[in-house]
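This report describes selected features of the structure shown below. It is written for a reader who has the sequence and the coordinates at hand.

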Amino acid sequence: MTPPDRGPLPLLSSPAVPRGLGAGVGLLLAVVTAVTGGAPGPGERALYDFTVSRLLSPLPQTGDLVLVEVDDRALAALGERWPLSRATWARAFHALEGYHPSAVVVDVLFDQPESRDALDLGEDVLERLRASGLADTAEGAKLATELEARLHAGDGDARLAEAFSGLGNVLPGSMALSDHDGALPGDGDSLAPVPLPAEGLRLKAKGLTLNLAPLRLTAWGSGTLNVLVDADGVIRRYPYAVEVGGRAWPSLALATALRLWPEQSEALLRVAATDDGAPLMRLPSPDWLPHVSLADVLSAGPSSVGLDLALREKIVFVGVTATGLHGQSTLPGQLAVPGVEIHAFALDNLRSGRVLRSTGRAALTGVLETAVLLAVLLWRRGRARTLGAVVGQAALLLVAHTAFVGWLLVEPGWVVPFLPGAVGLVLVTLAESVARTEDLQRQRDALKRLFGRFPRG
Amino acid sequence: MRGSTTPLLLTLTLLTSPIAGFAAEADGPCGGLAFDHGRLTTGLPLAPGGPRTEACLREVAEAVKARPAIRGLTVAAKLPDAERLEGKGLAVAKAAAEVLVSAGIPRTRVSFVAPPGEPQTPGQLQLAYVERPTQPAVARIRTAHGPVSVGPDEAALKPRGVGDALYAGDLVVTGREGRAELSLADGSGVHLSPASAVRLGTLELTAERQRKVLLELVRGTVETQAAPGGAGSVFEVRTRGAVAGVRGTRFRVVQQEDGTSRVETLEGKVALGVVERGSVDVGAGQGSRAKPAQAPEAPRALLAAPVLEQPRGGVYPKAPAFVWKAVPGAKAYRVEVATSADFAGDVTVHESATPGLDGATPGAGKWFWRVLAVDADGFVGFPSKIFSFDVPG
């Protein structure tokens with residue numbers, strides 16, 4: 001009996017080709033994920049988000065971080081619109097000073113001076129008052145003194161600098177600019193570069209927007225407010241440093257940690273350097289950070305026991321959470337998270353060292369595990385006598401793959417791609433089932449032909 | 001629209017007097033002053049008190065008063081904790097602020113603070129200022145080679161580098177070996193030759209793509225590449241005696257020391273005018289000049305681009321001789337040798353009376369060269385093609 005004709009390209013019609021292609025697709029996906037920045041790779045972000053937000057246990061609550069928020073109630077109580085005046089900010093920081101927080105981390109950038117038109121007008125009036133001689137009279141002198149005091153109080157930028165100085169531990173945000181150049185701070189500035197290899201950082205920018213010089217002079221430190229937003233609008237990675245001008249500039253979380261725990265700077269920088277300076281964040285539960293309204297801080301006196309308990313010796317984050325004013329940041333499984341909370345999460349991740357890693361050894365592990373997984377299936381399917389046995393082995397490997405990926409996520413905090421291995425297993429199994437079905441069909445046809453040639457009777 | 005232009009209404013603009021500036025004395029009590037992005041730094045560390053500190057603060061006050069853009073000054077006393085606590089730091093800062101007030105700065109503009117000092121650092125006073133809301137940059141330095149300085153006037157120039165922002169009113173000056181290329185906010189380019197100075201004037205842009213660019217050539221030569229603008233756009237380069245106004249073209253303007261203004265148009269059309277003396281349209285490939293208080297001369301043809309003969313590529317064991325074909329009417333030739341093909345960086349310029357030059361290459365490396373013919377009146381013609389060659393190290 002002549003073997004069935006397999007066409008002009010017998011190699012391509014061999015059942016080994018689709019099996020190899022299936023395994024190749026899985027392996028290729030793993031390699032692509034590794035070389036394009038690590039997991040979660042294309043197509044598995046939703047799966048990653050579900051896993052880290054629902055299955056991975058959230059970070060435990062910590063007692064030393066607290067958020068002082070500019071919420072709707074604070075705006076209503078102040079009667080001001082956003083952005084708040086510098087004089088109001090100065091009042092807020094003066095109020096915080098009474099509770100002696102260990103650091104005040106501000107998710108606000110004060111880069112432009114306030115309008116001074118009213119103060120200029122007041123100064124003109126004061127000058128003319130003095131030039132006219134009216135200030136030489138008792139009433140005129142009183143008026144001039146009062147006007148000068150009010151003008152002094154109305155200079156919000158200067159008052160804010162005084163408030164920063166009074167606290168002595170304020171860290172306002174800066175911003176890295178990706179679209180145009182900005183000034184780089186000089187030596188001795190509150191925003192100082194950190195000893196991280198700048199060239200490999202995931203976030204790169206062209207310049208920096210800085211706070212006003214008097215604020216920089218009186219601030220304890222400063223860091224960038226930038227976050228990394230994936231193409232689907234979700235923030236999964238926090239950039240602990242950004243490359244600008246060939247140097248690495250710290251984020252707000254890293255700058256705060258280095259100031260608070262200088263003796264741990266080596267370990268902190270090592271964690272910050274994970275995944276090219278932008279590791280995947282471990283997420284907390286949604287109500288993880290205690291909130292205190294700025295309205296309460298401003299209205300309560302320094303003898304408030306409740307606020308003293310909430311703020312004394314705490315790391316106080318200050319930011320806006322009022323409806324429609326804070327950045328609509330989306331974390332995996334959490335919608336509309338205020339940006340200031342992301343910096344707090346990042347600080348907690350950094351000090352605990354519990355960040356997730358998806359590059360380097362983790363990425364290599366992902367590729368190797370996918371290769372081993374597919375090699376085992378290709379080897380075992382040859383020994384399986386039935387298609388059902390092949391499917392059973394594939395299912396077993398899929399379970400093992402899921403368990404391994406999950407274990408890596410929970411224990412060492414490595415994020416390896418799930419999809420490449422799963423896709424490879426499914427494709428190889430499909431190819432095997434098609435090949436076995438065709439083989440069965442060929443045997444059936446051969447039997448038919450045999451019985452047709454030698455009919456019974 | 002490149003190549004087409006409407007002659008502009010021209011007026012002779014007298015040079016404005018330089019902005020009153022402050023030249024810090026390096027040997028003064030402060031050892032020099034620098035205003036840099038809100039930080040006012042002194043050449044010598046400013047001790048928390050003493051006669052020198054007081055004298056320096058008075059010098060600071062004079063400098064601040066000369067800068068109306070500064071609207072607030074903060075004095076910070078950064079002292080070791082032992083000297084700072086119990087209000088001592090604030091008292092030191094207040095005393096310094098009082099010196100500034102007594103020197104003439106309004107009390108409402110001076111504030112004082114005493115933030116924690118850096119560990120193991122001796123106590124000192126630091127100063128910061130707040131400017132009025134910043135004006136948008138009108139240009140940036142795209143390339144710079146050699147000395148390039150910017151300031152409000154000649155007395156207060158500061159070295160600047162690539163990427164620095166430039167603002168309306170800034171005077172950009174190149175040294176004898178300096179060159180700079182500026183990118184204007186409207187997309188135009190301005191190339192400053194060595195020993196040139198240009199003041200950036202108005203740069204207005206509207207949503208209708210209408211723009212107004214005014215540059216003032218104080219001395220030397222600028223070559224501009226004006227970006228196309230919408231209807232009614234203005235692009236003017238003013239010299240002491242004339243105005244060259246264009247739309248969408250490429251031209252050079254030269255301000256000679258004797259007051260003569262010269263225009264050489266490479267693309268498009270330029271209107272060269274002197275108020276009450278008339279104006280002429282200088283088309284592509286033409287040049288014209290306006291002597292002081294005289295009408296612009298009739299346009300003349302610019303000299304053609306020289307044809308380079310050698311070197312035209314290849315590797316040479318030592319600096320090769322440059323040879324090109326003579327251009328009729330050329331009185332001299334300008335040979336430019338550069339390290340980059342855009343002639344924006346390191347450029348060496350040689351003059352030759354004959355169509356050849358020997359020993360013009362500075363050393364080993366890859367070199368680019370081109371030649372421009374110059375006529376008897378100093379009009380520079382079209383540049384030749386650019387060729388390169390290598391000299392191994």
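## Sheet pairing in chain A

A205(A) stands opposite V244(A), a residue of β7(A). The model in which this pairing is found is a predicted one. The two strands concerned, β4(A) and β7 (residues 241-244) of chain A, pair in the parallel sense over two bridges. They belong to an open sheet of three strands, ordered β4-β7-β8 in chain A, in which the pairing is mixed. β4 (204-205) and β8 (247-250) of chain A are at the edges with a single partner strand each, so one side of each has no neighbour in the sheet.

## Helices of chain A

Helix α9 of chain A spans residues 252-260, and nine of its nine residues are buried, so the helix is largely enclosed by the rest of the structure. Among the buried residues of α9(A) are L252(A), L254(A), L258(A) and L260(A), together with T256(A) and R259(A).

Helix α1 (residues 16-35) and helix α15 (residues 361-383) of chain A pack with their axes 8 Å apart, at an angle of about 170°. An angle over 145 degrees counts as roughly antiparallel, and α1(A) is therefore roughly antiparallel to α15(A). On the α1(A) side the contact involves R19(A), A23(A), G26(A), L27(A), A30(A), V31(A), T33(A) and A34(A). These meet A363(A), G366(A), V367(A), T370(A), A371(A), L374(A) and L378(A) of α15(A). By residue class, the contact of α1(A) with α15(A) divides into ten nonpolar, four polar and one charged.

The UniProt record, an unreviewed entry, annotates residues 362-379, 386-408 and 414-435 of chain A as "transmembrane region". For two of these ranges the computed secondary structure can be set beside the annotation. Residues 362-379 of chain A are 100% helix and 0% strand, with the end C-alpha atoms 26 Å apart. Over residues 386-408 of chain A, the values are 96% helix and 0% strand, and the end C-alpha atoms lie 33 Å apart.

Chain B has three helices and 30 strands. Of its 393 residues, 42% are buried. Among the contacts in chain B with a separation of 6 or more, 56% are between residues 24 or more positions apart.

The two chains touch through 24 residues of chain B and 23 residues of chain A. On the chain B side, the elements that give two or more residues are β3 (70-78), β4 (110-113) and β5 (124-131). The largest share, five residues, comes from β5(B). The side of chain B that touches chain A divides into ten nonpolar, eight polar and six charged residues.

Chain B also holds an open sheet of three strands in the order β23-β24-β27, with antiparallel pairing. Its edge strands are β23 and β27 (356-357) of chain B, each of which pairs on one side only. β23(B) and β24(B) run antiparallel and are joined by two bridges. Within this pair, Q310(B) stands opposite V323(B) of β24(B).

## Backbone geometry

P311(B) lies in the loop between β23 (308-310) and β24 (322-324) of chain B. In chain A, a cis peptide bond joins W82(A) and P83(A), with omega about 0°. P83(A) is found in the loop between α3 (72-78) and α4 (86-97) of chain A.

| Residue | Phi | Other C-beta atoms within 10 Å |
|---|---|---|
| H37(B) | near 50° | 17 atoms |
| A195(B) | near 55° | 14 atoms |

H37(B) lies in the loop between β1 (33-36) and β2 (39-42) of chain B. A195(B) is placed in the loop between β12 (189-192) and β13 (197-205) of chain B. Are these positions buried, exposed or partly exposed? A residue is buried if 20 or more other C-beta atoms lie within 10 Å and exposed if 12 or fewer do. With 17 such atoms, H37(B) is therefore partly exposed, and A195(B), with 14, is partly exposed.

Key: Residues numbered from 1 in each chain as written. Chains lettered and ligands numbered in written order. Predicted model: local features only at pLDDT ≥ 70, side-chain atom pairs only at ≥ 80, totals over all residues. Helix = DSSP H or I, 4+ residues; strand = E, 2+ residues; numbered from the N terminus. Axes fitted to C-alpha atoms, helices over the stretch in contact; angles between N-to-C directions. Parallel < 35°, antiparallel > 145°, perpendicular 65-115°, else oblique. Contact = placed C-beta atoms within 7 Å. Nonpolar A, V, L, I, M, F, W, Y, C, P; charged D, E, K, R; others polar. UniProt positions renumbered as here; feature names shortened; annotations may be inferred. Pairing = 2+ DSSP bridges.
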